[in-house]
Structures are given as C-alpha cells and as structure tokens.
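What follows is a short walk through one structure, with attention to its annotated spans and its aromatic contacts.

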Amino acid sequence: MDKRRQRAADDGERRIVLSFAPDKVVLLVGRIIVGLGIGIASMTVPVYIAEVSPPHLRGQLVTINSLFITGGQFIASVVDGAFSYLSRDGWRYMLGLSIVPAVLQFIGFMFLPESPRWLLQKGRGPEARQVLSQIRGDRSIDEEYDTIRTSIEEEEREAGGGGLVILRILNHGPTRRALIVGCGLQMFQQLSGINTVMYYSATILQMAGVRDDKQAIWLAAATSATNFVFTLVGVWLVERVGRRKLTVGSLLGTGLSLTLLAVGFLLTALNSPPITLHPVNSQNSSCRLYESCERCMLDPNCGFCYRENGTRVYDSSCAPVDQVSTDHAAWGSCSNQTEAADSPVWAYNYCPTSYSWIVLLGLILYLAFFAPGMGTMPWTVNSEIYPLWARSTGNACSAGVNWIFNVLVALTFLHVAEFLTYYGAFFMYSGLVVLALLFVLGCLPETQGLQLEDVENLFAGQLCSCGASSPSGSRHVHYIRVKGNNYLPSDNDASDVE
C-alpha cells in the first residue's frame with residue numbers, strides 16, 4: 001500500500017481509537033497518533049498539489065487545500081455545538097463521526113495518480129507522460145514534460161554521490177535562502193496567534209464575559225465560519241494580486257485586529273468589578289487578597305462569586321475553586337449552585353462586562369484578515385520555492401517549524417495571559433505581527449505565474465534582497481545554468497544578509 005492510501009487508513013484507525021478511549025491515557029495516545037498523521041499530511045498534500053498543478057492555477061489549487069481544512073474546522077465546530085447538549089459522552093460521538101471523512105478520503109486516494117515529477121525522478125518516464133497528459137486534458141504536454149525531465153536530469157547530475165538532502169540544502173545558497181523564508185513564514189503564522197484563536201476561541205469569549213458554555217461554543221463556530229468564508233476569498237485573490245501583496249495585506253489587518261482584541265480586554269480590565277467581600281476561611285489562601293475581578297480571574301485557583309441587579313454587581317468575592325469541578329467554589333455561597341433567581345453567580349474564567357462585543361468583533365476581523373493571506377500563503381509558498389530534489393525535505397522542515405511553534409504558542413497562551421494579563425498577551429501577538437510584516441517585506445519574493453523549475457532563480461541573490469523580486473522583470477539578473485542549478489556568477493560568494 002502506498003503512502004497516500006496508508007495515511008488515509010491510519011487516519012481511520014486513529015479516529016476509532018479516540019472514540020472508544022476508555023480513559024484519558026488512551027485518549028492522549030490517540031491524539032498523539034492523530035498529530036503524527038496530520039503532520040505528514042500537512043507536508044505532503046501541498047507538495048503534491050503544487051507538482052500536478054499548471055503554473056497559472058497552482059496558487060489557487062494549493063489554497064483550496066486550506067479552504068477545505070477551514071471548512072472541516074467549521075463543520076467540526078458545528079458538530080461540537082450540537083453534541084454539547086448531550087449530558088454525557090458527546091465527545092465520543094463527535095470523534096467517532098470523524099471516521100466518515102477518513103473513509104471517503106481512503107476511497108478517493110485509490111484513484112489518485114502519483115505526481116509526474118515524482119515518477120520522472122524515479123525513472124518511470126512513460127507513466128509520467130501518461131499521468132501528465134491525463135491531468136492536463138487536451139493541452140499539449142511536450143514542452144512541460146521536456147522542461148520537467150531536463151530539470152530532473154540536471155539536478156541528478158549535480159547531486160553526484162548524493163548525501164543527506166538537508167545538508168545539500170544548507171550548503172547550496174538558493175535552497176538555503178528558500179528554506180529560511182519558508183520556515184520564517186511558518187513560524188510567523190503561528191506567532192501571529194492563529195491557533196490561540198482557533199483552540200481557545202470559546203475560552204477567549206468566556207474570558208471576555210460570555211457566560212454560557214454552549215453560547216461560547218456556538219460563537220466559536222461563528223468564528224470558524226468566518227475563517228472558512230475568508231479562506232475562500234484567498235482562493236479568489238491569490239492569482240489576482242499575488243502571494244506577496246496578499247500576505248502583506250493580511251498581516252496589516254491581522255495586527256490591527258489583534259490590537260482591537262487587546263483593547264477589548266483592556267477595557268474589560270479597567271472596568272473590572274471590585275471585590276467587596278473578603279470572607280476568611282482556612283482554604284481561602286491567596287484568593288481573598290485580590291481587589292478586583294480581573295486579578296481574581298488571572299489566578300487559575302480562584303473564581304469570582306457575585307450577585308447582580310441588572311448591570312450592577314454587588315456582594316462580590318474571590319473564592320477558591322473546587323478541586324473536583326470548576327463549576328462551583330470550594331466553599332461559601334457559590335459552593336452549592338442552584339437555579340434559584342436570587343442565587344449568586346459563579347464565574348470561573350470571566351468577569352461580568354459590557355465589552356464582550358469588542359472581543360467578538362476583534363476575533364471575527366482577525367480571522368477575516370488572517371485567513372486569505374497568512375492562513376494559506378505559508379503553505380502555498382513553501383510548495384513552490386524548492387527545487388524537486390529539495391522539495392520534500394524543505395516542506396518537511398517548514399511544516400515541522402509550523403507545528404513546533406503551534407505547540408509552543410498553544411502551551412504558553414494561558415500562562416502568558418496569567419503573567420501579562422489577557423490584553424498584554426494580545427498586545428504581544430500584535431508586536432510579533434509587526435516583526436512578521438518586516439520579514440515578509442524584506443525577504444518574500446513573488447512566485448506568481450512562474451514554473452516550479454524557475455522559482456529557484458528568485459533566491460540566487462542575497463537573502464533579504466529577494467523581497468522586491470517579481471516575475472514581471474523588475475529585477476533583471478543574468479543566470480547561468482551550471483550542473484542543474486541557476487547561479488549568479490558570484491553566487492558562491494553572496495552572503496545571506498545584506
């Protein structure tokens with residue numbers, strides 16, 4: 001069984017393990033295996049799409065991959081919302097249903113041909129010509145076939161005795177610079193906070209004052225819908241405005257949206273209800289020392305207990321949370337929650353506020369700006385910028401960087417929010433977006449409309465001089481083909497820093 005079918009089969013098996021997990025250990029193991037499968041898919045799928053696509057549609061087709069990912073996230077969030085009404089085991093049904101797309105994917109892969117470039121690299125020329133003819137339809141394939149074959153032959157002559165591909169990438173100037181750009185884009189995609197927003201959207205909305213868990217889940221589904229719709233906008237724009245302009249515009253909007261999110265949390269903090277009661281109890285520890293709801297919320301061991309009359313909060317206190325369930329306090333008036341009208345309100349991770357709408361608006365605008373550009377372009381660009389011999393390894397490295405920073409951001413968000421406050425965390429992400437904007441402006445070339453075999457030329461010069469490069473000829477450079485690669489006459493002497 002080839003890798004494509006094996007991945008689909010493994011995906012179905014992983015979903016079964018998750019849905020029938022008897023305890024959290026098995027669930028964790030299942031999640032780790034799912035993560036391995038997703039990591040492999042995130043590396044191979046964009047590469048495959050880029051290799052089989054014609055140049056004028058390559059950006060759109062790779063971006064469509066991201067469109068379907070965001071569409072899947074939206075459907076999953078709707079399923080989450082639906083199963084949130086079940087009193088128990090709703091998560092099992094949620095995970096079990098994900099077996100269905102895995103089975104459909106497995107069946108689809110049965111009819112998927114290998115990439116013509118990969119077939120030529122393996123010496124299967126007639127099969128490569130047949131596949132290329134099949135996917136190009138009525139168009140003549142002779143010129144494209146000869147270009148791909150010549151490029152592969154020259155690369156193989158240059159490879160000589162071979163060696164580790166990653167070492168060859170690092171020792172060869174153009175591919176080294178391409179790898180830096182590709183890994184930098186993936187790093188900044190995560191440092192822009194996207195998976196903080198996607199993983200913690202319901203939590204963020206609760207932090208902003210949305211009280212009901214189910215309402216927060218459905219609002220999170222609305223943010224997923226925004227992500228999907230504006231990824232569709234990216235599909236429409238990528239071949240019209242180009243990768244570079246789309247990424248720059250996306251970062252500008254993302255930075256402003258994160259600032260709006262930070263301002264929403266700042267207004268919530270500045271208008272945080274004061275704590276009026278400080279009951280003494282042997283279990284109260286540090287909770288009774290806080291003077292406002294904001295400070296109480298930042299302590300994961302505490303919650304805010306209060307009564308309200310319309311918009312007025314009174315009889316408020318900061319109480320320790322029960323160690324078994326965060327749904328009530330360990331002791332005091334919020335320790336035995338009832339549905340009575342005069343019972344106090346227990347808020348574990350939010351403060352009552354009238355500024356929730358600012359945070360919701362910030363989330364929607366964030367995804368509206370992020371999805372068309374930074375959500376898709378790192379994957380699109382990485383599928384284009386490496387020569388065939390380095391493409392798989394280059395994409396593996398950049399995808400690895402993406403997932404490393406994904407884990408880093410996801411694991412640190414709640415801790416960063418605790419130490420910097422919620423608004424401080426989002427101001428920090430805004431600052432990281434500014435760094436990403438400077439990186440893109442200086443180092444990302446435009447690859448729109450170029451053959452994959454020609455993209456390497458964009459990285460022949462100094463690293464951060466390639467940002468102004470474009471296929472339109474604004475930067476005229478004389479290249480010499482030497483043993484399968486394009487070099488400036490002084491390429492071996494060029495440094496990676498201006």
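Over the face of which residue does Arg129 lie? Arg129 lies over the face of Tyr145, 4.2 Å from the ring centre; a charge counts as over a ring if NZ of Lys or CZ of Arg is within 6 Å of the ring centre and within 35 degrees of the ring normal.

The model is predicted, with local features needing pLDDT of at least 70 and side-chain atom pairs counting only at pLDDT 80 or more, while totals for chains, interfaces and linings use all residues. Residues are numbered from 1 along each chain as its sequence is written, and side-chain values use heavy atoms, leaving out hydrogens and water.

An unreviewed UniProt entry annotates several spans as "transmembrane region", among them 216-238 and 355-375; such annotations may be inferred rather than shown by experiment. Residues 216-238 are 100% helix, with end C-alpha atoms 33 Å apart. Residues 355-375 are 71% helix and 0% strand, with end C-alpha atoms 27 Å apart. Helices here are DSSP runs (H or I, at least four residues), as are strands (E, at least two).

There are 7 aromatic pairs, meaning rings of Phe, Tyr and Trp (its six-membered ring) with centres within 6.5 Å; planes under 30 degrees apart are stacked, over 60 edge-to-face, the rest tilted. Phe188 and Phe439 have ring centres 5.6 Å apart and planes at 45°, so the pair is tilted. Because Phe188 lies in helix α10 and Phe439 in helix α17, the pair ties together parts 251 residues apart in sequence. Phe188 is buried at 11% relative accessibility, and Phe439 is buried at 17% (buried: under 20% relative accessible area; exposed: over 50%; partly exposed: in between; 1.4 Å probe, protein chains only).
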